[in-house]
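Reader: I'm new to reading structures like this one. Could we go through a few features together, one at a time?

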Amino acid sequence: MKYAFIRGHCEEFGVRAMCRVLRVHFSGFYAWLKEPLSQRALEGVRQTELIRQAWFDSGKIYGYAKTES
C-alpha cells in the first residue's frame, strides 16, 4: 500500500523523501516497481478466479442449493 502511494505521488514529491517519511527503503520501492505482485499475491489472484469461476458454474448459488417442494 505504501509503495502504491509513492508511485501515485512521485510527480509531487521525491521518492527518497516519501520512503523516509513512510519508513520504507527506497530499494524496496524500486524492486516493487519491477514486480509489484509477490508470488503469494499472484497465487491469491489465481485462487480467487477459480472460486469465482466455480460460483459462476454453479449458477451463482452460494452454499446448499435449496429445492422447491
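Author: Let's start with helix H4, residues 39-57. Keep in mind that this is a predicted model. Within H4 sit Arg46 and Glu43, three residues apart, which is about one turn of the helix.

Reader: What do Arg46 and Glu43 form, and how far apart are their closest N and O atoms?

Author: The general idea goes like this: side chains of opposite charge can pair when their charged atoms come close. Here, Arg46 and Glu43 form a salt bridge, with 2.7 Å between the closest N and O atoms.

Reader: How many salt bridges does the structure hold?

Author: There are two. The other case to look at joins the side chains of Glu49 and Arg52, at 3.4 Å from N to O.

Reader: Is Arg46 buried, exposed or partly exposed?

Author: The way to read this is by relative accessible area: under 20% is buried, over 50% is exposed, and partly exposed is in between. Arg46 has 45%, so it is partly exposed. Glu43 counts as partly exposed too, at 30%.

Reader: Now the helix pairs. At roughly what angle do the axes of H1 and H3 cross?

Author: For helices, you look at how their axes run. The axes of H1 (residues 2-9) and H3 (residues 26-34) come within 10 Å and cross at roughly 85°. An angle from 65 to 115 degrees counts as roughly perpendicular, so that is how H1 and H3 lie to each other.

Reader: Which residues make that contact?

Author: From H1, they are Tyr3, Ala4, Ile6 and Arg7; from H3, Gly28, Phe29, Trp32 and Leu33. By type, the residues of this contact are six nonpolar, one polar and one charged.

Reader: What about rings? How many aromatic pairs does a search of the whole structure find?

Author: Four. With a ring pair, check the distance between centres and the angle between planes. Tyr3 and Phe29 are 6.1 Å apart centre to centre with 55° between the planes, a tilted pair. This pair links distant parts of the chain, as Tyr3 in H1 and Phe29 in H3 are 26 residues apart. Tyr3 is partly exposed at 23%, while Phe29 is buried at 3%. Tyr3 also pairs with Trp32, with ring centres 5.8 Å apart and planes at 40°, so this pair is tilted.

Reader: Which residues do the ring pairs link into a cluster?

Author: Tyr3, Phe29, Tyr30 and Trp32.

How values were computed:
Residues numbered from 1 in each chain as written. Predicted model: local features only at pLDDT ≥ 70, side-chain atom pairs only at ≥ 80, totals over all residues. Heavy atoms only, no water. Axes fitted to C-alpha atoms, helices over the stretch in contact; angles between N-to-C directions. Helix = DSSP H or I, 4+ residues; strand = E, 2+ residues; numbered from the N terminus. Parallel < 35°, antiparallel > 145°, perpendicular 65-115°, else oblique. Contact = heavy atoms within 4.5 Å. Nonpolar A, V, L, I, M, F, W, Y, C, P; charged D, E, K, R; others polar. Salt bridge = Lys/Arg side-chain N within 4 Å of Asp/Glu carboxyl O. Buried < 20%, exposed > 50% of the residue type's maximum accessible area, 1.4 Å probe, protein only. Phe/Tyr/Trp six-rings, centres within 6.5 Å; stacked < 30°, edge-to-face > 60°.
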